[in-house]
Amino acid sequence: KRMDNLNAERHGDKLRKGFRFFVDDEDDFQLESLLQALCFLEVGSAFVPGKPWERHSEGGALGPRRVDDVALLPEDAKEVLASLLDAADREA
C-alpha cells in the first residue's frame with residue numbers, strides 16, 4: 001500500500017499535517033530557514049518552498065515562491081535573518 005506522507009499525522013502536532021517527501025527527511029536542524037535567511041541576506045531574495053500544512057491554511061494554498069520582501073519570509077527564517085543582522089551590526 002502506498003503511503004500518503006502529504007497528509008500523514010505529524011508526531012505530537014495536531015495543527016500541522018504532512019511531510020514533503022518522507023518522514024525521515026524532516027529538517028530537524030532548521031537548515032531550510034538558515035539557507036533562506038542567508039540567501040536573502042546575500043542577494044535580497046530567497047526561494048521558499050510551500051509546506052504541506054500550508055495547503056490547508058486560511059487564505060488559500062502557499063506553493064513554492066521566490067520572496068523579495070522580508071515580511072513574506074517564514075517566521076523562522078525572519079528570526080534567523082534578524083540574528084544574522086544583529087551579529088553583523090555588532091561586528092561593525
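A residue is called buried when its relative accessible area is under 20%, exposed when that area is over 50%, and partly exposed in between, with a 1.4 Å probe and protein chains only. The model is a predicted one, in which local features need pLDDT of at least 70 and side-chain atom pairs count only at pLDDT 80 or more, while totals for chains, interfaces and linings use all residues. Residues are numbered from 1 along each chain as its sequence is written, and side-chain values use heavy atoms, with hydrogens and water left out.

**Overall architecture**

- The protein contains 2 helices and 4 strands; helices (H or I, at least four residues) and strands (E, at least two) are DSSP runs, numbered from the N terminus.
- Along the sequence, these elements follow the pattern β-β-α-β-β-α.
- The protein has 92 residues, of which 27% count as buried.
- Its accessible surface is about 7,100 Å², and 56% of this belongs to carbon and sulfur atoms; accessible areas come from the Shrake-Rupley method with a 1.4 Å probe, and for residues only the protein chains shown count as cover.
- Among contacts with a separation of 6 or more, 38% are between residues 24 or more positions apart; contact means heavy atoms within 4.5 Å.

- Glu32, Ser33, Gln36, Ala37 and Phe40 are the buried residues of α1.
- Seen down the axis of α1, these buried residues fall within an arc of 130°, so they line one face of the helix; the arc is that of the directions from the helix axis to the C-beta atoms.
- An α-helix has 3.6 residues a turn, so residues three or four places apart point the same way.
- The buried residues of α1 pack against β3 (46-48), β4 (65-67) and α2 (75-91).
- Gln36 has a relative accessibility of 4%, so it counts as buried.
- Apart from neighbours within four places in sequence, Gln36 is in contact with Ala46, Phe47, Val48, Pro49, Pro74 and Ala77.
- On the other side of α1, the exposed residues are Leu31, Leu35, Glu42 and Val43.

**The nonpolar surface patch**

- Phe29, Leu31, Leu34, Leu38, Leu41 and Leu85 make a nonpolar surface patch of about 570 Å².
- Patches are made of residues with over 30% relative accessible area and no salt bridge, where like charges are joined within 9 Å and nonpolar side chains (Val, Leu, Ile, Met, Phe, Trp, Tyr) within 5 Å.
- Helix α1 (residues 31-43) gives the largest share of the patch, 4 residues.
- Phe29 lies in the loop between β2 (13-17) and α1, and its relative accessible area of 70% makes it exposed.

- Gln30, in the loop between β2 and α1, has a phi near 55°, a positive value in a residue other than glycine.
- Just after α1, Gly44 takes a positive phi of about 85°.

- A search of the whole structure finds 1 salt bridge, defined as a side-chain nitrogen of Lys or Arg within 4 Å of a carboxyl oxygen of Asp or Glu.
- Glu75 forms a salt bridge with Lys78, with the closest N and O atoms 2.9 Å apart.
- Both residues lie in helix α2, 3 residues apart, which is about one turn of the helix.
- Glu75 counts as exposed because its relative accessibility is 52%, whereas Lys78, at 22%, is partly exposed.
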